[in-house]
Amino acid sequence: MLRPGEVQWMSAGHGVEHSEFNGAKDAPVHFLQIWIQPDRLNAQPAYEQRAFDPAAREGRWQTLAAPEGADGGLPIRQQAWLRAVRLSAGQSVDVVLDPARKYWLHV
């Protein structure tokens, strides 16, 4: 079961089918699922789920997932960083972007 504020990482292996569903019959679910192609073949299946303190992302970036668990994030098998920030009205945060990389921002 995935609770609010938790992040789940799974590497299941080649050819595995996977699905998610809302177990509550009378409540909506807000859920973001991101698929990232691993940077290696034939790795062992793995799974981890972790709750992240929402206060740690108030006005600053919090790493949720990163290569091999860098910056305290869940360990993923790709050169990708998933970060979250929560901003109050009028707040902003800076980030230095490397023009050689690709970025995606989910608001």
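These legends describe close-up views of one predicted model.

Residues are numbered from 1 along each chain as its sequence is written, and side-chain values use heavy atoms, leaving out hydrogens and water. Because the model is predicted, local features need pLDDT of at least 70 and side-chain atom pairs count only at pLDDT 80 or more, while totals for chains, interfaces and linings use all residues.

**View 1. An open sheet of three strands, in the order E4-E3-E5.**
The pairing in this sheet is mixed. Its edge strands are E4 and E5, each pairing on one side only. On average, neighbouring strands are turned by 15 degrees against each other, direction ignored. That angle is taken between N-to-C directions, on a scale from 0 to 180 degrees, with axes fitted as lines to C-alpha atoms. Strands are DSSP runs of at least two residues, numbered from the N terminus. Two strands pair if DSSP finds at least two bridges between them. Strands of a sheet pair through backbone hydrogen bonds, either parallel or antiparallel.

**View 2. Strand E3 and its two partners.**
E3 covers residues 62–67, and six of the six are buried, so the strand is largely enclosed by the rest of the structure. Buried means under 20% relative accessible area, exposed means over 50%, and partly exposed lies in between (1.4 Å probe, protein chains only). E3 and E5 pair in the antiparallel sense over three bridges. Here glutamine 62 stands opposite alanine 84 in E5. With E4 (residues 74–76), E3 pairs in the parallel sense, also over three bridges. Alanine 66 has proline 75 of E4 as its bridge partner. Proline 67 stands opposite isoleucine 76 in E4.

**View 3. Leucine 82 in strand E5.**
E5 spans residues 82–84. Leucine 82 is partly exposed, with a relative accessible area of 26%. The C-alpha atoms of leucine 82 and threonine 63 are separated by 6.0 Å, although the two are 19 residues apart along the chain. Leaving aside residues up to four places away in sequence, leucine 82 touches several others, including Ile34, Ile36, Leu64 and Ile76. Contact means heavy atoms within 4.5 Å.

**View 4. Arginine 77, buried without a salt bridge.**
Arginine 77 lies in the loop between E4 and E5. The nearest side chain of opposite charge, glutamate 68, is 6.3 Å away. For charge, Lys and Arg count as positive and Asp and Glu as negative, while His and the chain ends are not counted. A salt bridge needs a side-chain nitrogen of Lys or Arg within 4 Å of a carboxyl oxygen of Asp or Glu. Among the residues that arginine 77 touches are Trp9, Gln37, Asp39 and Arg40.

**View 5. Salt bridges of the model, five by count.**
Side chains of opposite charge can pair when their charged atoms come close. Glutamate 48 and arginine 50 meet at 2.7 Å, N to O. Glutamate 48 is partly exposed at 25% relative accessibility. Arginine 86 and glutamate 58 meet at 3.7 Å, N to O. This pair links distant parts of the chain, with arginine 86 in the segment after E5 and glutamate 58 in the loop between E2 (46–51) and E3, 28 residues apart. Arginine 86 is exposed at 54% relative accessible area, and glutamate 58 is partly exposed at 36%. Arginine 83 and aspartate 71 meet at 3.6 Å, N to O. Arginine 83 sits in strand E5, and aspartate 71 in the loop between E3 and E4. Asp39, Arg40 and Glu68 are linked in a network of salt bridges.

Technical notes:
Helices (H or I, at least four residues) and strands (E, at least two) are DSSP runs, numbered from the N terminus.
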